[in-house]
Number of protein chains: 2
Amino acid sequence: MDDTQLDRAFAALSDPTRRDIVARLCDGDATVGEVAAPYAMSVQAVSKHLTVLEEAGLLRRTTVGRQRRCSVEPAALAALTGWIDRHRRMLERRFRSLDLLLARTAPDPPHEEEPS
Amino acid sequence: MDDTQLDRAFAALSDPTRRDIVARLCDGDATVGEVAAPYAMSVQAVSKHLTVLEEAGLLRRTTVGRQRRCSVEPAALAALTGWIDRHRRMLERRFRSLDLLLARTAPDPPHEEEPS
DNA sequence: ACTTTCTTCAACCCAACGGTTGAACATCGA
DNA sequence: TCGATGTTCAACCGTTGGGTTGAAGAAAGT
């Protein structure tokens with residue numbers, strides 16, 4: 001997943017309606033109308049949300065008759081956790097080596113980073 | 001982490017500059033000036049980005065003398081992967097039970113969902 | 001063929017966003 | 001005390017985003 005797709009995917013999930021849509025679709029596919037039903041907004045608005053999710057790679061819409069069936073794309077979710085976890089691990093490694101340093105040099109040294 | 005914090009955190013990471021800032025800070029704390037240095041934009045703009053990250057709970061700025069030291073807040077990253085992974089697991093469970101169904105009923109049944 | 005149903009397209013509105021510049025504020029060094 | 005440094009505040013500008021309404025398109029039912 002390239003950078004602008006990451007942009008789009010994070011942006012897509014920053015909207016509560018869209019997160020809710022994804023959450024519900026994780027539990028089972030649905031048509032546009034079914035997705036839209038619970039919300040107090042126009043079907044057009046929901047259709048736009050679905051487009052945003054689709055362009056972010058988080059969703060697939062497949063045409064069946066006159067309806068369109070929406071299903072979540074697991075790979076996109078994986079890409080997101082991928083980015084975050086990669087950096088979480090960097091952080092943890094840093095903390096571990098800091099703990100190690102503190103334990104080794106024992107007393108007095110409160111400071112961290114950039115020995116400048 | 002409440003819903004609006006999730007909104008903010010996902011939104012914060014949807015900007016490439018802010019993702020880059022987070023990435024770099026995962027590798028070590030830095031002052032605002034140090035964070036801003038690599039970018040072709042004003043220090044004020046970067047300061048705004050840092051505010052966005054801070055309000056999203058992804059960052060902490062602590063004052064030391066006339067500078068402000070920025071450090072990543074690991075818990076916020078964890079909250080994000082938490083949300084995503086929760087739903088990824090729902091998806092996987094769904095797929096597994098679908099596989100099971102297909103394997104059990106063997107021939108012919110191509111359809112899924114909402115037996116209506 | 002006609003009408004209804006499901007979905008999208010298009011134009012518009014207002015609020016929020018990412019950037020700018022200029023000024024203010026607080027701390028450090030001389 | 002005074003100037004330089006690091007950071008933020010405030011006002012502004014152009015673009016994007018989430019919503020609306022109205023109309024169009026395409027498949028289904030009769």
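**Core, partners and DNA**

Modeller: The largest nonpolar core has 48 residues, and those with the most contacts inside it are Ala9(A), Leu58(A), Ala9(B) and Leu58(B). A nonpolar core is a set of buried Ala, Val, Leu, Ile, Met, Phe, Trp, Tyr and Cys residues joined through C-beta atoms within 7 Å; buried denotes 20 or more other C-beta atoms within 10 Å of the residue's own, exposed 12 or fewer, and partly exposed the range in between, with C-beta atoms placed from the backbone. This is a predicted model, in which local features need pLDDT of at least 70 and side-chain atom pairs count only at pLDDT 80 or more, while totals for chains, interfaces and linings use all residues. Residues are numbered from 1 along each chain as its sequence is written, and chains are lettered from A and ligands numbered from 1 in the order in which they are written.

Colleague: Which residues does Ala9(B) touch, not counting residues up to four places away in sequence?

Modeller: Contact requires C-beta atoms, placed from the backbone, within 7 Å. By that criterion, the partners of Ala9(B) are Ala56(B), Gly57(B), Leu58(B), Ala76(B), Ala79(B) and Leu80(B).

Colleague: Which helix supplies the largest share of the side of chain A that touches chain B?

Modeller: The contact takes 29 residues from chain A and 29 residues from chain B. On the side of chain A, helix 1 (3-13), helix 2 (16-26) and helix 5 (74-105) each supply at least two residues; helices (H or I, at least four residues) and strands (E, at least two) are DSSP runs, numbered from the N terminus. The largest share, 12 residues, comes from helix 5 of chain A.

Colleague: What relation superposes chain A on chain B?

Modeller: Copies are superposed by least squares on the C-alpha atoms of residues with pLDDT of at least 70 in both. Here a rotation of 180° with 0.0 Å of shift along its axis brings chain A onto chain B, with an RMSD of 0.0 Å. That is the relation of a two-fold axis.

Colleague: Why do the copies meet through the same surface?

Modeller: The reason lies in the interface residues of chain A, because 100% of them are also interface residues in chain B.

Colleague: Which helix gives the most to the surface near DNA strand C?

Modeller: A residue is near a strand if its C-beta atom, placed from the backbone, lies within 6 Å of it. DNA strand C is surrounded by 22 residues, the closest being Thr31(A), Gly33(A), Ser47(A), Gln67(A) and Gly65(B). With 5 residues, the most comes from helix 4 of chain B.

Colleague: And which helix supplies the largest share of the surface near DNA strand D?

Modeller: Around DNA strand D there are 23 residues, the closest being Gly65(A), Thr31(B), Gly33(B), Ser47(B) and Gln67(B). The largest share, 5 residues, comes from helix 4 of chain A.

Colleague: In what order do the 3 strands of the open sheet in chain B lie?

Modeller: Two strands pair if DSSP finds at least two bridges between them. Strand 1 and strand 3 of chain B are antiparallel over 2 bridges, and Thr31(B) stands opposite Arg69(B) in strand 3. The edge strands, each pairing on one side only, are strand 1 (30-31) and strand 2 (59-64). The pairing in this sheet is antiparallel, and the order is 1-3-2.

Colleague: Which residue in the hairpin turn of chain A has a positive phi?

Modeller: Strand 2 (residues 59-64) and strand 3 of chain A run antiparallel, joined by 6 bridges. They form a hairpin with 2 residues between them, and the residue with a positive phi, about 65°, is Gly65(A).

Notes: Contact = placed C-beta atoms within 7 Å.
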